[in-house]
Every structure is written in C-alpha cells, then in structure tokens.
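This briefing walks through one protein chain, topic by topic. Keep the sequence and the 3D view open while reading.

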Amino acid sequence: MDNLNRNMYKIFAFLCILLLLAVFIVFMFPIYWIATTSVKDRADLFANPPNIFPVSFTLNNFAAVFGVSTDTAVATVIPGDGIMRFFTNSVIVTSISCAIALVIGTFGAYGLVRVDMPAKRKKNISFFILSTRMLPPISAAVPLFLIFNELRLVNTHVGLIIAHTVLNLAFVVWMMQGFLKDIPSEIHDAASVDGCGPLSGFLRVVLPLAAPGLVVTVIFISIFSWNEFALTLVLSGEGTRTIPVFIASMWTSVQAVWGEMAAAAFVATLPVLILAIVVQKNLIRGLTFGAIK
C-alpha cells in the first residue's frame, strides 16, 4: 500500500511539473517570439510557414531602432535619434509618477487603516477609491485632454506625470491598505509608548515593516505606467511620446516594420525584467506578506 501511494505521488508530481512547464511555455513564448523576431532579416520575417527558430541573425533592426541605420525604408517611421528620446520620456514619467503615487497613496492607506471611524464608512471610502480604478483609462482621455489643453499641459511631461499619478493612486491605496492591515495594532501602540507621534511612528516603525508591500506595489504601478498607451497617446506630442506610443507609431498605412517593432518591444521589456530580477527576494516576501502570523 505504501508503494502504491508513493507511486501515485510520483505520478501526480510528474503531471504537475508537466502542467507548470506547459504554462511556462505559453507565457514565455511571446517574449521568445519578440526576441527572435528582433534578430531576423526581412526575408526570414516573411517566411511561409514562419520559422520558429531564426534562420538568419542580424542586428540591423536594433541599429535602426537606435537611429544608427542607413536604411531609408524605415526612415519615415523611426526618427534620426532613435528610441532613446522615447525611452527617456518613459523613464521620467514612470519614475516620477510612481514616486508621487506611492507617497500619497501610502499615507492615504495608513489613514484608512488607523483613523478611528465606523467600519462601514471606511468600507465605503475604500470602495469609492477602488472604483476610480475600474474606469477604463480611454473613457477619461477626452475629458482630460480638454482640461489639460486649457491648462496648457498637453504635450508636457508634467501633464503625463499628473495623468499617470491619478491612474495609479487608487491602486496604491488599495494595495497598501491590505499590507498595513496585516501589521498588528500592538506595534502602533508600542511606538506611541516609546514617544512616537502618528507621523514619526508611521515613518520609523510601520513603513520599514511594510517595505515588502511597497516593493510589490512599486512593481505593479511601474508596469502599469510603463505600458500605459491610451492616455499617453492622447496627452502626449512629438516631444513627450513614450515607448508604447513610439512602437505603435511604427505601424503605418504604408508599411509595418516588424523587425524594428520587435527590437523596440524587446528594448521596452528589459527595464521591467531587470527591475523584477533585482527586487526578486523582496517581491516574494511582499506576495507572502501576512500569510504567516
């Protein structure tokens, strides 16, 4: 009987591994396809049937994306300075908007957790804040454009930063509220006994304990802001376009430069992957934060 149970366990474990491997392949195949497409030449790109493994290898697509190629076929869709201007715009908008949203949202979440008010009122406020995140960004694009146009914030980094901050703020409050609730109230009381006021107790005691939650929240809102397309398309201009808008602009009615688009998409994916790898340990701690008391 023990041998039968052991064999059944081995079969179950083997099937689980196969299932996980299949899920891994499904999720990683788009990244693999982008990476291989970015190094294919034009003949290999339009091969029929498509080549899963690249027959040729070229860096001309990356050269065109970075503006060092002499290919006149892509000159109409890729500016002379290449992707770096749009990459810089994405870094500026994402980093500043995420920092502002994280500060304001964390304080808002702490207030909802610690302020003494009826539970039903807290629940209603939390739901109202979360409901703003349920709104599709494209539905707010036209009103925001009209408001920002009157304030002369269209085609400015400030306007994009404000829009991305508003977009991520509700998510920060919702995420951090869950993490801050898992911190025992005795820690807040101990900080008060040691002479810490509400602000100093939050900054010196509570915030370090919630650091894993901050890391998880930063990862999510950075991805949201980095990939945001609809609002950025409406509110940006030639000088403030970010990478997603730049990649979309490479698909025109005249031609679609698939190799260059794949190279630009590969470059756009690298910062998110590097960020996730760097904070991997804290990310895992944040995802399991509060699971074990």
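Of the 293 residues in the protein chain, 35% count as buried. The model is a predicted one.

**Helix α4 and helix α7**

- Helix α4 covers residues 84-114 and helix α7 covers residues 157-181; the two pack with their axes 6 Å apart, at an angle of about 40°.
- The crossing in which α4 passes α7 is right-handed.
- Sorted by class, the residues in the contact of α4 with α7 are 19 nonpolar, nine polar and one charged.

**Helix α4 and helix α5**

- Helix α5 is made of residues 119-131, and its axis comes within 10 Å of the axis of α4.
- The axes of α4 and α5 cross at roughly 160°; angles over 145 degrees count as roughly antiparallel, which makes α4 roughly antiparallel to α5.
- The crossing in which α4 passes α5 is left-handed.

**The salt bridge**

- How many salt bridges does the structure hold? The count is one.
- Its partners are R241 and E238, whose closest N and O atoms are 3.2 Å apart.
- The cut-off for a salt bridge is 4 Å between a side-chain nitrogen of Lys or Arg and a carboxyl oxygen of Asp or Glu, so the 3.2 Å between R241 and E238 qualifies.
- As a general point, side chains of opposite charge can pair when their charged atoms come close.
- Is R241 buried or exposed? R241 has a relative accessibility of 15%, and because buried means under 20%, R241 counts as buried.

**Cysteines**

- The count of disulfides comes to zero; a disulfide would need a pair of cysteine sulfur atoms within 2.5 Å.
- C16 has a relative accessible area of 30%, so C16 is partly exposed.
- C98 has a relative accessible area of 7%, so C98 is buried.

**T240, in the loop between α11 and α12**

- T240 lies in the loop that runs between α11 (230-235) and α12 (243-249).
- The relative accessibility of T240 is 4%, and T240 therefore counts as buried.
- T240 and R85 are 155 residues apart in sequence, while in space their C-alpha atoms are 8.4 Å apart.

- Where is R152 found? R152 is found in the loop between α6 (141-150) and α7.
- R152 is not a glycine, yet its phi is positive, at about 60°.
- With a relative accessible area of 75%, R152 is exposed, because the cut-off for exposed is over 50%.
- N155 is also found in the loop between α6 and α7.
- Phi of N155 is positive too, near 65°, and N155 is a residue other than glycine.
- N155 has a relative accessibility of 35%, so N155 counts as partly exposed.

Definitions and conventions:
Residues numbered from 1 in each chain as written. Predicted model: local features only at pLDDT ≥ 70, side-chain atom pairs only at ≥ 80, totals over all residues. Heavy atoms only, no water. Axes fitted to C-alpha atoms, helices over the stretch in contact; angles between N-to-C directions. Helix = DSSP H or I, 4+ residues; strand = E, 2+ residues; numbered from the N terminus. Left-handed = near helix turned anticlockwise from the far one by under 90°. Nonpolar A, V, L, I, M, F, W, Y, C, P; charged D, E, K, R; others polar. Buried < 20%, exposed > 50% of the residue type's maximum accessible area, 1.4 Å probe, protein only. Parallel < 35°, antiparallel > 145°, perpendicular 65-115°, else oblique.
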